[in-house]
Structure formats: C-alpha cells, structure tokens
Amino acid sequence: MPNPTEKNRYQHRKEEHLSLAQKYWRNQKHDNTAGFGDLRLIPNSLPEISLDEVDLSVQLLNHRFEKPFFIEAMTGGFVRGDKINAQLAEIAKNQHLAMAVGSQTIALKFPELAAGFRKVRETNPDGFILANIGASHGLEDAKRAVDMIQANALEVHINVIQELAMKAEEGDRSFYWLDNINEIAGKLDVPVIVKEVGFGMSQQTFKQLEKTAVSAINIGGRGGTNFAWIEEQRSNDFSLYLDEQGFTAVESLLEAKFSSSTKPLIATGGIQYASQIVKSLVLGASLVSSAGFILSNLLENGPEFVEMLLENWELDIRKFYTMQGAKNLTELQQSKLILQDNLLDFYKQRNIKIEQNFS
Ligand SMILES: Cc1cc2nc3c(=O)[nH]c(=O)nc-3n(C[C@H](O)[C@H](O)[C@H](O)COP(=O)(O)O)c2cc1C
C-alpha cells in the first residue's frame, strides 16, 4: 500500500533539488570549474571550408541526432517538476533535440505520478526521449520506466557520492550495481546508457563498463551542478567535505580515451558554451548534454530565452567546426589540442601516454 508520507518526502526532496540547483547556478562562478579552460584548440587560418558544408549530425543509439547536444535528466513526479518537464519537452520538440526525464523512481513507486512523465511524450510524440532510473532498479522497473514514456533509450544513473552525501535514512549505503546494469543492458529492447551525475569517471570504471552490454557511457563530470553541495545544504551537514572529490568532464574524457574503452561517450558537467561542447567532442564524446545551466536559464529567463540559447549553440558549434576546417564529427575529432600545465600533470600521474593529437 503506497504510503502518503513517503510520497511527500520524495516529492519534497525533488523540490529541494530544483530550488538548490537554481540557487547553486545563480550564486556560483562557473568560469573554469569544469576544466575546459585548460584546453585550447589549435587555430587553422586557412581551413578551406564554408559554414554551410558543416554537418553536425551524429549517429548513435540507433538514431541520427541532428545536433550533437541534448537536454539532460533533471526532474518530474511533482507539480513544479512536471511543469518544467513539459516546458523542456516543448523546447526539445521545437529545437529538434533529445531530452532525458529525471529519475522515474518516484513514478514507479507511486504510479499516479506517472502522468507528468507521460506528458513529456505527449508533448513531443516523435522526439528522442530518454528514460531515467537509478542503478539499484531491476529489469522489470527498467521496462516500466521505458514503457511509461515510450522512451527511445534508458539512462541508468550511478551516483555513489550523492547517495553517501545523503542522510542514512535517505541515501543508499550498498553499491553492488554492475551485474544489475549488465542484465538491464543485455535484456532491454532499447539502448542503455550508464551516467554519472556530476562526479566524473576514472579508467577503472570504463574498464568495468567495457565488459557490460551498455550502449554508451555518460561521463557526468564535476564542475557544473554539484550534488555534494546540494545534499549538504539539504541535510545541513558539512562534515563529509567533498569539494575536491571527482573528475571534471575533461579529465573523465581523458581517462576514457586511455582506458581502451570502445563504448561511445556522452559528456555532461558544467556545459554552458558551444566551445565546451566542441572541446568535449574533440576529446572523444559523440554527444554532449547539459542540465543545470538550461534549468537555471529556464527558471530565471523563461523558455523563449532557452530556445535562443540553444539556437546560438547550434550556430556557434557550426562556426567552431568551420574554424577547425572540419565538415563533420570524424573530421573534428582529428583536431589537435594544447593542454595547460595542470592537465599535463594529470596525464603524468594517471600514466596516460601523450598522443600525437595533443601537441
Ligand atoms: C535539479 C536537478 C535534478 C537532477 N536529477 C537527476 C536525476 O533524477 N537523474 C539523473 O540521472 N541526473 C539528474 N541530475 C543530474 C544531471 O542530469 C547532470 O548529470 C548533472 O547535473 C551534471 O550536469 P550539469 O552540470 O550540466 O548540471 C539532475 C540535475 C539537476 C540540476
């Protein structure tokens, strides 16, 4: 029998995630927290290309994405979250972008809350929509989450640090997830993506996931939305000092590059500018997604402003491809990069061999 107090607690937690993420993005400086400032593209003054020759499309997850970025998982399952999801779904439809819904655990537990998630599919019937659950859910829940919104793919989020930052009565304390992830990925009808929620991934994680049936990995780097900070604010407990924990998107992509991972990569974590999307692609990501920055702009400036931002991203990415003389993703990924000292140090300590394309 569903417990109304438990439902209220869930919804309240989701409310707090929204308002604290908004507060975080309003108050923090994010200029180089995500690490993209430590990388520079090498200029190409005679690129021998015109802007309209650039093809931004990406083939991934049995789908052709028109643009190399999408709206990442955030919310759903309570009035304000459902309204935000409906707005994001409208934006995704207008902009031809994929979109992930936030964790559907709440609607798996309380099925009357599924209507808000379904609204995303109703708003954007032909769009590429990603379902989202945590890694402790089994195959049956994964199927229900996908069916709920006729999802084109499923994101399974892994969030050890966030869970441990929560109070004992709220957060998980046991993390045997790998077999579960493999079973879901092997048996579900749609592609499965494993995603971090903002603490990045190391070579070891890529090696572990390499052996599974997952279709792609979202490295979910630190430097954008900070769930350690959010959970600390919620519990008013700052003892588990987490400010230095995790790898940025840049560091995580470098780790992936040298872990011999063959899984396609998606990059998230502090993305605000087209240049960061382009650098992520150069570092090996096939797609890039953004959450907190889009949310904060939606809440502060409204949906039309977000659409303008996303239109600018597309145009600006096209300009960066042109500057690099790249007609498509394969050509862009031949671009060379300059690494600042701290990344060189990271390379050294992680025993990463500097390849030719980092000069
Ligand atoms: C308000 C909010 C709620 C989120 N909820 C979820 C979630 O339910 N499931 C999930 O996989 N990620 C969730 N995320 C994490 C994002 O998908 C993303 O991985 C993370 O915020 C890092 O990206 P960013 O720096 O662009 O925000 C949430 C993010 C925000 C801002």
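Here Ala, Val, Leu, Ile, Met, Phe, Trp, Tyr, Cys and Pro count as nonpolar, Asp, Glu, Lys and Arg as charged, and the others, Gly among them, as polar. The model in every view is predicted.

**View 1. The shell around the ligand, by residue class.** The ligand is surrounded by 23 residues. A73, K195, T225, G270 and G292 are the closest of them. Sorted by class, the shell has 12 polar, 8 nonpolar and 3 charged residues.

View 2. For K195, an N or O atom of the side chain is 2.8 Å from a ligand oxygen. G270 uses its backbone instead: an N or O atom there lies 2.8 Å from an oxygen atom of the ligand. H157 places a polar side-chain atom 3.4 Å from a ligand oxygen. How much of the ligand does the protein bury? On its own, the ligand exposes 600 Å², and the protein buries 97% of that area.

**View 3. Elements that build the shell.** Which elements each supply at least two residues of the shell around the ligand? They are helix α1 (4-27), strand β8 (192-196) and helix α12 (292-301). Helix α1 provides the largest share, 3 residues.

**View 4. The largest pocket, with the ligand in place.** The ligand sits in this pocket. The space inside the largest pocket is about 850 Å³. Its lining has 45 residues, and those closest to the centre are K14, S103, H157, Q162 and V197.

**View 5. What lines the largest pocket.** At least two lining residues come from each of α1, β6 (129-134), α6 (160-165), β8 and α12. Helix α1 again gives the largest share, here 7 residues. By class, the lining divides into 22 polar, 15 nonpolar and 8 charged residues.

**View 6. The second largest pocket.** This pocket has a volume of about 480 Å³. It is lined by 20 residues. Nearest its centre lie I158, V160, E196, G200 and T205. Helices α6, α7 (178-187) and α8 (203-210) are the elements that give two or more residues to this lining. Which of them gives the most to the lining of the second largest pocket? It is α8, with 4 residues. The class make-up of the lining is 11 nonpolar, 7 polar and 2 charged residues.

View 7. Helix α6 supplies at least two residues to the lining of the largest pocket. It also gives two or more residues to the lining of the second largest pocket.

Note on methods: Residues numbered from 1 in each chain as written. Predicted model: local features only at pLDDT ≥ 70, side-chain atom pairs only at ≥ 80, totals over all residues. Heavy atoms only, no water. Near = heavy atom within 4 Å. Polar contact = N/O pair within 3.5 Å; in protein donor to acceptor, adjacent residues only side chain to side chain. Areas by Shrake-Rupley, 256 points an atom, 1.4 Å probe, with all protein chains shown as cover. 1 Å grid on protein atoms, 1.4 Å probe; cavity = no way out; pocket = protein on both sides within 12 Å on 5 of 7 lines; lining within 4 Å. Sits in = over half its atoms within 2 Å of the grid points. Points joined across faces, edges and corners; volume = space filled by probe spheres on them.
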